[in-house]
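Here is a note for a colleague who is opening this structure for the first time. Please read the points below with the sequence and the structure side by side.

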Amino acid sequence: MTEARVPILMYHSVAAEPNDATRTLSVAPEAFAEQLAVIAERGLTPLTTADLAARWRSGRPLPGRPVLITFDDGYEGVHRHALPALAGHGFPATLFVSTGWIRGAHDTGGGLDTMLDWRQVRELADAGVEIGGHSHTHPQLDQLDDDRLRAELTRCRDIVAGELGALPLSFAYPYGYSSRRVRTAVREHGFAQALAVGNSLARRAQGPFALRRVTVRRATDAAEFERLLDGRAIARTFARDRALTKGYAMVRRTRQLQRLV
């Protein structure tokens, strides 16, 4: 039997007029609505991150054509624009919040554009959006020492639990970066699954703490979006991203070695 390959869509901002910092990874509200319409027309079944991982963990069958709709960081447009579109189709989704970027008592001022506040996050949760963790201040977690890594995960977990009344089950690595040490720490902080980036379809064999996603951005047109859903030509679509990632990985490994000297 062929192993299921699931498209996990990674969104960030949904905004009509994003700022320069978020423009590339933003999606226009009209484009987002059109993409949800494509998902509906093609008969795909959206799941939350927790639902997908629980099914793979228990061996329960997946729906015929599963897909995940995920958002990182916590931009205000997820409430203003994405939520009505999701609700119109009855689609669940997952939002991964950087708790220090959400407006309110825990705000560190690091948010890149207008961010959600906790009232809006609660309304998203009440509407069926799973709320997951995305660290506190959005650092590259694999570049942190053990104390700072634990602090980022602890604050994120505890703030989400305090604001929503339930511990978050899912996590997404900021920038997609992780390591065995980071994945172990995420698991030890009570998260049951975590998402990377990777720009390929997710498979059970990747393990619950390294599930891959595909990036949806402002330049993603209708034809490319359909290719992402089908898993077609993904390597070609993200060839430049992969080359940049490999180059930056060498820089980051050098930095890590320098800190050990």
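How many bridges join strand β2 to β12, and do the two strands run parallel or antiparallel?

1. Please keep in mind throughout that this is a predicted model. As for the opening question, two bridges join strand β2, which covers residues 8-11, to β12, and these strands run parallel. Within this pairing, Met10 has Thr215 of β12 as its bridge partner.

2. Strand β12 is also joined to strand β10 (residues 193-198) by two bridges, and here too the strands run parallel. In this case Leu195 has Leu211 in β12 as its bridge partner. Of the five residues of β12, which spans residues 211-215, four are buried, so the strand is largely enclosed by the rest of the structure.

3. Met10, which lies in strand β2, deserves a look of its own. Met10 counts as buried because its relative accessibility is 6%, where the cut-off for buried is under 20%. Leaving aside neighbours within four places in sequence, Met10 is in contact with Thr70, Asp72, Val197, Arg213, Val214, Thr215 and Val216. The C-alpha atoms of Met10 and Leu25 are separated by 9.4 Å, and these residues are 15 apart along the chain.

4. Which residues have the most contacts inside the largest nonpolar core? They are Leu9, Tyr11, Phe32, Ile39, Ile69 and Phe71, in a core of 38 residues. Helix α3, residues 77-89, supplies the largest share of this core, namely five residues. Apart from this core lies another one, of 13 residues, which includes Leu141, Ala185, Val186 and Ala194. As general background, nonpolar side chains in soluble globular proteins tend to be buried together.

5. Phe32 shows how parts of the chain meet in the largest core, where Phe32 is one of the residues with the most contacts. Not counting residues up to four places away in sequence, Phe32 touches Tyr11, Val14, Val27, Ile69, Phe71, Ala82, Ala85 and Leu86.

6. When residues up to four places away in sequence are not counted, Thr49 touches Leu68, Thr70, Thr94, Phe96, Glu130, Ser170, Gln193 and Leu195.

7. In helix α6, residues 180-188, the buried residues are Val182, Ala185 and Val186. Seen down the axis of α6, these buried residues fall within an arc of 100 degrees, so they line one face of the helix. They pack against α5 (146-164), β9 (170-172) and β10, whereas Arg180 and Glu188, on the other side of α6, are exposed. Just after α6, Gly190 takes a positive phi of about 95 degrees.

8. Finally, two residues that are not glycines have backbone angles that a careful reader may wish to inspect. Tyr175 has a positive phi of about 65 degrees and is placed in the loop between β9 and α6, where Tyr175 counts as partly exposed at 47% relative accessibility. Asn199 has a positive phi of about 50 degrees and is found in the loop between β10 and β11 (202-203); Asn199, however, is buried, with a relative accessible area of 8%.

Conventions: Residues are numbered from 1 along each chain as its sequence is written. This is a predicted model: local features need pLDDT of at least 70, side-chain atom pairs count only at pLDDT 80 or more; totals for chains, interfaces and linings use all residues. Side-chain values use heavy atoms; hydrogens and water are left out. A nonpolar core is a set of buried Ala, Val, Leu, Ile, Met, Phe, Trp, Tyr and Cys residues joined through side-chain atoms within 4.5 Å. Buried means under 20% relative accessible area, exposed over 50%, partly exposed in between (1.4 Å probe, protein chains only). Contact means heavy atoms within 4.5 Å. Two strands pair if DSSP finds at least two bridges between them. The arc is that of the directions from the helix axis to the C-beta atoms.
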